[in-house]
Amino acid sequence: MNDKKSPAIPVINIQGQNCTGCITSTICSEYPSIKNVLLQDIIPGFKLEFIFHPNIMTASGNLAMEILEKSADKKGYVLIIDGAIPTGNNGIYCITGEKDGKKYTILEEALKLAPNAMLVIALGTCAAFGGIAAANPNPTGAKSVGEIFLANDIKTPLVNIPGCPPHPDWLFGTIEEILTKGLENLELDDFKRPKIYYGKLIHENCPNRAYFDEGKFAKKPGDEGCLYELGCKGPITYADCSTRQWNGRTNWVIGSGAPCNGCTSPEYPDLLGDFCERIIDVEVPVNEKKAKIQNK
Amino acid sequence: MKKIVIHPITRIEGHLKVEVMVDNGEIKDANISGTMFRGIEVILKGRDPRDAVLLTQRICGVCPEPHAIASVTAVEDYAGLSDKIPENGILLRNLILGTRTIADHILHFYILSGLDYVDPARVIEYSGQDKNLNTLKYFLGQGYSTPFLPRDDIDYKFDKETTCAVVSHYLRALDIYKKTQQAATLFGGKWPHDAAIVAGGVSGKLTADKITEFIWRLEEIKDFIKNYYLPDVIAVAKTYSEYLEIGKGCLNLLAYDSYKTKSNGSYNDMLFKGGLISDIDNYSEFDINNITEDVTHSWYKDSGPLYPGNGKTEPVSDKEKGYSWIKSPRYSGKVFEVGPVANILSTYLGKKDPEVKKIVDDALSEIGGNISNFYSVAGRHLARVLSADIIACQLLKWAMQLKAGEPAAVEYDPPADGKGVGLCAAPRGALGHWLNVEEGRISNYQIITPTAWNASPKDKNGQPGPYEQALIGLKIKESESPIEILRVIRSFDPCTACAVHLITPDGDLIGKYKVI
């Protein structure tokens, strides 16, 4: 591509209470492919350099922890966090690693690395909003990156890329927007989600929308009709899945006959009600039946 | 005695720590700990059983699909639907699980384990026309080296030509992984975390064009397995031949039945036959009631080993003997390894399937080994690629049996109370979900994952888990992160987000944990 060495932006990816799904999603990016991102310029003239990434780096143990230690003193890196950050019992529910006999929790790593980063990206719904780890009854006191920022007065710019998992385009596209337009021109919604990807409801462009409007609803999986009665959260979920589609446009959730489960929402997976039940329009936590058994 | 701690173990799924005691270059004792947990089973309590398929997939984003299969199987067992799933539903589940398992194996060999055997930095010496290698060479030439460097001392053994060839396959594997996940997404809805696997079958309308799209993608996947993945694993086994002996483990294997296949008009046959293997090649049938979990060295309140369906686990603060969040699943009190070696040998010895036998025998003759060599680092990699090959051979048959336009799901109309069990062969081995339902809501959900079996700590009789047994006696070159240890651990394909989970009867996890 370019003969001149592009200025590289160091990227550090640390992992909280994750499932690694944010990573298995992003390595399936179409264009740029993960190979483009790792070895080439993400867009001509702009290069990312992954200096710490637990799933792909060669180094383990002390050597890996050294990279984090050294990076914390420098400025000008992008910090990506996937997974929620447990705060119960001083964060011991998630240990990033050990250096010279001392353990470091993801909470400590986030507090150490976030203030000096030029940008923090909370990747996936767990990092952005607490997600699965923070689901009722939130056994480990899992928090989102934003909540950690608020509690510790961290002012580093934060962008949330929710989704369980996030679409690879949402991550790399956001980075491309920032590189070409500048961070200050990236439009975010109230939940710090880029409006270009999270600006519209799934419902707005759903191919089943006509069924909804004419009142034709599927009663069981495989039926013709809108999936509203089967629990579809498309009418209250902001994301562009219905137009973007997934995995090289081979399919997407509603395309496979399954209801959207609302995974980009701050309330995911709790306040939206059961996945398989029709949206309940109430203001209080809706899962009374669930709470009853959990409190037994 | 010297203590070596490696934490984090990178290039695996999740957060894992290894601590070994070394004397004179030999490992005398080993402790394995999972260092992250979320309490997914607590979170499941009180929810609609149908929601478990979506939530349990979130246990692991590398291998969510087996959780989906195990979960709906358990829910259908409880709901009395086990025998009512339409043919299309059974086949589509086989196709989704099988295709994603192949992708997972490719990811594991190249992206996760590959850098233990091949040094991408050597591609700087490459001269040739391969586009991927020239891209990498240019990258290195500009002075970039992450994520390949820095690294600990590794005794790379491949010559320049083989190194370049395998690295070029590593880069190609990234593309194939993506294409393989796309193939499964045609039926599953999205990767990761499929949406279409539901209690009662598989959602969606099956059309001929989707089946055709799948079949032609499959051809590329099969080509990669036969002509790249299998030869590369064999090259590792031959070049690093000491690893056909290193990392033996506990020498007992356990596998569950998996992938229903049609035989004499009904779906009673299995592609992978479950069973037990003890002392290398002694096959016997297995009884699920003999599975128990021990918590002697886990951070939970001591209780006699319990059947998972009755699993009652309470975390205990300051438990002196505790060193892991992972419990110790045992079969009749004995230690068992699960995974592709178990699936393949259980089928090879227990079912004597001629196709499987030929694939296994051909591979063993290629490496000049015998069945006992499967109990090793290289043997586990070999079993994984053979598993991919065996599944790939079936995928076309299953795809051709699909009937476009026919239903793939039945209606779900469950009783208020009940119990269910769902078992399957995940990419990492035997996976089980145990479900109890009261008043239509989940009252207890217990999961035993493959990595819980393999990465389990010592039990009440002091028997170390399979990882630990594979490490004890290992000779290492002392360094901060000895490569011998990493090769042994990665050969099991750890998935620690899966392995660490816990449930409390009261949903109360408050307590002071001492993480030592």
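Biologist: Ground rules before we start?
Modeller: It is a predicted model: local features need pLDDT of at least 70, side-chain atom pairs count only at pLDDT 80 or more, and totals for chains, interfaces and linings use all residues. Residues are numbered from 1 along each chain as its sequence is written, while chains are lettered from A and ligands numbered from 1 in the order in which they are written.

Biologist: Which domains does the assignment give chain A?
Modeller: Domain 1 (8-196) and domain 2 (200-296). The bounds come from an automatic or database domain assignment. The C-alpha centres of the two lie 27 Å apart. Their contact takes 15 residues from domain 1 of chain A and 14 residues from domain 2 of chain A. Contact here means C-beta atoms, placed from the backbone, within 7 Å.

Biologist: And what divides up the domain 1 side?
Modeller: 8 nonpolar, 5 polar and 2 charged residues. Ala, Val, Leu, Ile, Met, Phe, Trp, Tyr, Cys and Pro count as nonpolar, Asp, Glu, Lys and Arg as charged, and the others, Gly among them, as polar.

Biologist: Staying in chain A, how do H3 and H4 cross?
Modeller: The axes of H3(A) (residues 61-73) and H4(A) (residues 106-113) come within 9 Å and cross at roughly 30°. That makes H3(A) roughly parallel to H4(A). Angles under 35 degrees count as roughly parallel, over 145 as roughly antiparallel, 65 to 115 as roughly perpendicular and the rest as oblique. Axes are lines fitted to C-alpha atoms, for helices over the stretch in contact, and angles run from 0 to 180 degrees between N-to-C directions. Helices (H or I, at least four residues) and strands (E, at least two) are DSSP runs, numbered from the N terminus.

Biologist: Which residues meet there?
Modeller: A:Leu68, A:Ser71 and A:Ala72 in H3(A) meet A:Glu109, A:Lys112 and A:Leu113 in H4(A).

Biologist: Now the interface. How many residues of chain B are in contact with chain A?
Modeller: 82 residues of chain B, against 72 residues of chain A. Elements giving two or more residues on the chain B side include S1 (2-6), H5 (131-141) and S15 (441-448). The largest share, 9 residues, comes from H6(B). The chain B side divides into 40 nonpolar, 24 polar and 18 charged residues.

Biologist: New topic. What is the order of the open sheet in chain B?
Modeller: S6-S9-S10, 3 strands with antiparallel pairing. Strands pair if DSSP finds at least two bridges between them. S6(B) and S9(B) pair over 3 bridges, and B:Leu253 stands opposite B:Ile277 in S9(B).

Biologist: Why do S6 and S10 count as edges?
Modeller: S6 (253-255) and S10 (282-284) of chain B each have a single partner strand, so one side of each is left without a neighbour in the sheet. Neighbouring strands are turned by 15° against each other on average, direction ignored.

Biologist: What packs on that sheet?
Modeller: H8(B) does, touching S6, S9 and S10 of chain B. Its direction makes about 85° with that of S6(B).

Biologist: How many of the residues of H8(B) are buried?
Modeller: 10 of its 11 residues. Among them are B:Val341, B:Ile344 and B:Leu345. Buried means 20 or more other C-beta atoms within 10 Å, exposed 12 or fewer, partly exposed in between, with C-beta atoms placed from the backbone. Just after H8(B), B:Lys352 takes a positive phi of about 55°.

Biologist: And B:Gly34, buried or exposed?
Modeller: Buried, with 27 other C-beta atoms within 10 Å. B:Gly34 is found in S3(B) (residues 26-34). B:Gly34 and B:Lys17 are 17 residues apart in sequence and 6.4 Å apart in space, C-alpha to C-alpha.

Terms used:
Two residues are in contact if their C-beta atoms, placed from the backbone, lie within 7 Å.
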